[in-house]
Amino acid sequence: MPCPEVVTGHVAIPGEDFERIQRSVDRGQNMWRLSPVRTAQEVGIVHLGLRMNDVYTFVEQYRDADSGLMHAVVRVKHRNCTYLVNLYQPEKQGPGGIWVVESVTEI
């Protein structure tokens, strides 16, 4: 694996409380959580070994037919490695809902 510093697989961040995060965004704090690209960047830098100067590109957004949850995919170019960061909206669906990282896959 050429980029061992990057965490891949299912992402579960200890202490990440989705209800609390959604309430803080509803109060105007941590507004970056409303963007899948910014969420991939912020969470990726703090918890997943990604860097600010990596290239983050929005790929797609879709509603899961089974769960009804909105999902998004962000491609990240990190050094000589490329990853897909999969995110979803656990609380509210649509423009006012927070995004959280679900998984990171190397491609």
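**Briefing on the predicted model**

R79 is located in the loop that joins β3 (70–78) to β4. The model that contains this residue is a predicted one. The points below begin with this loop and the strands beside it, and then turn to the pocket and the chain as a whole.

- The phi angle of R79 is near 50°, which is a positive value in a residue other than glycine.
- R79 has a relative accessible area of 42% and is therefore classed as partly exposed.
- H78 belongs to strand β3, and its relative accessible area of 0% places this histidine among the buried residues.
- Beyond its neighbours within four places in sequence, H78 makes contact with C3, E5, V6, G49, L50, R51, D54 and Y83.
- H78 and Y56 are 22 residues apart along the chain, and their C-alpha atoms are separated by 9.0 Å.

- V85 is part of strand β4, which covers residues 81–88.
- The relative accessibility of V85 is 0%, so V85 counts as buried.
- When neighbours within four places in sequence are left aside, the contacts of V85 are A40, A72, V73, V74, V76, V101, S103 and V104.
- Between V85 and M70, which are 15 residues apart along the chain, the C-alpha separation is 14 Å.
- T82 also lies in strand β4.
- Which side of the burial cut-off does T82 fall on, buried or exposed? Buried means under 20% relative accessible area, and T82, at 19%, therefore counts as buried.
- T82 touches R75, V76, K77, T105, E106 and I107, with residues up to four places away in sequence not counted.

**Strand β2: F58**

- F58 sits in strand β2, which spans residues 55–63.
- With a relative accessibility of 40%, F58 counts as partly exposed.
- Apart from its neighbours within four places in sequence, F58 is in contact with P36, V37, A72 and V73.
- One of these contacts, A72, is 14 residues from F58 in sequence, and the C-alpha to C-alpha distance between the two is 8.0 Å.

**The loop between the helices: N30**

- N30 lies in the loop between α1 and α2.
- N30 is not a glycine, yet its phi is positive, at about 50°.
- The relative accessible area of N30 is 40%, so this asparagine is partly exposed.

**The largest pocket**

- The largest pocket holds about 160 Å³ of space.
- Its lining consists of 13 residues, and those nearest its centre are E16, I21, W32, R33 and H47.
- The elements that supply two or more residues to this lining are α1 (18–26) and α2 (36–48).
- Which element gives the most to the lining of the largest pocket? That element is α2, with four residues.
- By residue class, the lining of the largest pocket comprises six nonpolar, three polar and four charged residues.

**The chain as a whole**

- Two helices and five strands make up the elements of the protein chain, and their order from the N terminus is β-α-α-β-β-β-β.
- The radius of gyration is 13 Å, close to the 13 Å that the globule rule gives for 107 residues, so the chain is as compact as a globular protein of that length.
- Along the principal axes, the C-alpha atoms fill a box of roughly 40 × 30 × 20 Å.
- Of the 107 residues in the chain, 39% are buried.
- Among contacts with a separation of 6 or more, 49% are between residues 24 or more positions apart.
- The accessible surface of the chain is about 5,800 Å², and carbon and sulfur atoms account for 51% of that surface.

Terms used
Residues are numbered from 1 along each chain as its sequence is written. This is a predicted model: local features need pLDDT of at least 70, side-chain atom pairs count only at pLDDT 80 or more; totals for chains, interfaces and linings use all residues. Side-chain values use heavy atoms; hydrogens and water are left out. On a 1 Å grid over the protein atoms alone, a cavity is a set of points where a 1.4 Å probe fits but cannot get out, and a pocket is an open set with protein on both sides within 12 Å along at least five of seven lines; lining residues have an atom within 4 Å of a point. Grid points are joined across faces, edges and corners, and a volume is the space filled by probe spheres set on the points. Ala, Val, Leu, Ile, Met, Phe, Trp, Tyr, Cys and Pro count as nonpolar, Asp, Glu, Lys and Arg as charged, and the others, Gly among them, as polar. The radius of gyration is taken over C-alpha atoms; the globule rule is 2.2 Å times the number of residues to the power 0.38. Buried means under 20% relative accessible area, exposed over 50%, partly exposed in between (1.4 Å probe, protein chains only). Contact means heavy atoms within 4.5 Å. Accessible areas come from the Shrake-Rupley method with a 1.4 Å probe; for residues, only the protein chains shown count as cover.
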